[in-house]
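Dear colleague,

My notes on what was found in it follow directly after.

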Amino acid sequence: MSDLEHVEADLEYMQEEQIPMLLFFHATYCSYCRTVDDEFLQTMAESEEHDGRLIIRRVEIDSQEPEIEWQGTSYTPVEFARLQGVELVPEVIYFAPDGKQVVDELKGVTVPDFYPQYLDKRLRAAERCIDDPSLDVCTDGIDRPRRDLNN
């Protein structure tokens, strides 16, 4: 798991492998973010079960580094987060290889005991959306117009 730096390179890899991206927006001052990162995403990233099924990238909104290259422009993490409509951290968004958001966002941490299941449920749905983007699960529950890393 690493920081998001080169969106186009990640999209190219996702298209080659036909896997989704889990994009994690967090902040250093956010204790819930540390919990999600340390207890759930690190475990997911190191798990054989998830190996080769997705890429996980982080965006630390209260940092100036690394700059994120997107659509020929460099953005600070907070600028990129604003462009993606992130208003609350932690927030997890899944993207399909075509760069479009799939499945609903995971905002905040309501019940930590169930958080791994929330992540896995969305991952399974994101994988299904790669094969059939017309499924209701691909767009239901998204709280704003779908995000798109290609636009």
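In these notes a residue is called buried if its relative accessible area is under 20%, exposed if it is over 50%, and partly exposed in between, with a 1.4 Å probe and protein chains only. Please note that this is a predicted model, in which local features need pLDDT of at least 70 and side-chain atom pairs count only at pLDDT 80 or more, while totals for chains, interfaces and linings use all residues. Residues are numbered from 1 along each chain as its sequence is written, and side-chain values use heavy atoms, with hydrogens and water left out.

Asp 37 is buried, with a relative accessible area of 9%. Asp 37 belongs to helix 2; helices (H or I, at least four residues) and strands (E, at least two) are DSSP runs, numbered from the N terminus. Not counting residues up to four places away in sequence, Asp 37 touches Met 1, Phe 24, Gln 42 and Arg 58, where contact means heavy atoms within 4.5 Å.

Asp 10, in helix 1 (residues 7-17), is buried too, with a relative accessible area of 9%. Leaving aside neighbours within four places in sequence, the contacts of Asp 10 are Leu 4, Met 21, Ile 55 and Arg 57.

Helix 2 against helix 4

Two packed helices are described by the angle between their axes and the distance between the axes. Here, the axes of helix 2 (residues 31-46) and helix 4 (residues 115-131) come within 10 Å and cross at roughly 40°. That makes helix 2 oblique to helix 4. The axes are lines fitted to C-alpha atoms, for helices over the stretch in contact, and the angles run from 0 to 180 degrees between N-to-C directions. Angles under 35 degrees count as roughly parallel, over 145 as roughly antiparallel, 65 to 115 as roughly perpendicular and the rest as oblique.

The crossing of helix 2 past helix 4 is right-handed, the term used if the near helix is turned clockwise from the far one by less than a right angle, whereas anticlockwise gives a left-handed crossing. On the helix 2 side, Val 36, Phe 40, Leu 41 and Met 44 take part, and they meet Tyr 115, Pro 116, Leu 119, Asp 120 and Leu 123 of helix 4. By class, this contact of helix 2 with helix 4 has 8 nonpolar, no polar and 1 charged residues. For this count, Ala, Val, Leu, Ile, Met, Phe, Trp, Tyr, Cys and Pro are nonpolar, Asp, Glu, Lys and Arg are charged, and the others, Gly among them, are polar.

Tyr 115, within helix 4, is buried, with a relative accessible area of 1%. Tyr 115 and Val 36 are 79 residues apart in sequence, yet 8.2 Å apart in space, C-alpha to C-alpha. Beyond four places in sequence, Tyr 115 is in contact with Val 36, Phe 40, Val 92, Leu 106, Gly 108 and Val 109.

In soluble globular proteins, nonpolar side chains tend to be buried together. The largest nonpolar core in this model has 46 residues, and those with the most contacts inside it are Leu 22, Phe 25, Phe 80, Tyr 94 and Leu 119. Helix 4 gives the most to this core, with 6 residues. A nonpolar core is a set of buried Ala, Val, Leu, Ile, Met, Phe, Trp, Tyr and Cys residues joined through side-chain atoms within 4.5 Å.

Leaving aside neighbours within four places in sequence, the contacts of Leu 22 include Leu 41, Met 44, Ile 55, Val 92, Tyr 94 and Leu 119.

Ile 61 lies in the loop between strand 3 (55-60) and strand 4 (68-70) and is buried, with a relative accessible area of 17%. Ile 61 and Phe 80 are 19 residues apart in sequence and 8.4 Å apart in space, C-alpha to C-alpha. Among the contacts of Ile 61 beyond four places in sequence are Phe 25, Tyr 29, Pro 77 and Val 89.

Backbone features

The peptide bond from Glu 65 to Pro 66 is cis, with omega near -10°, and Pro 66 sits in the loop between strand 3 and strand 4. A cis peptide bond, with omega near 0°, also joins Val 89 to Pro 90.

Val 103, in strand 7 (residues 101-107), has a positive phi of about 60° although it is not a glycine.

Yours sincerely
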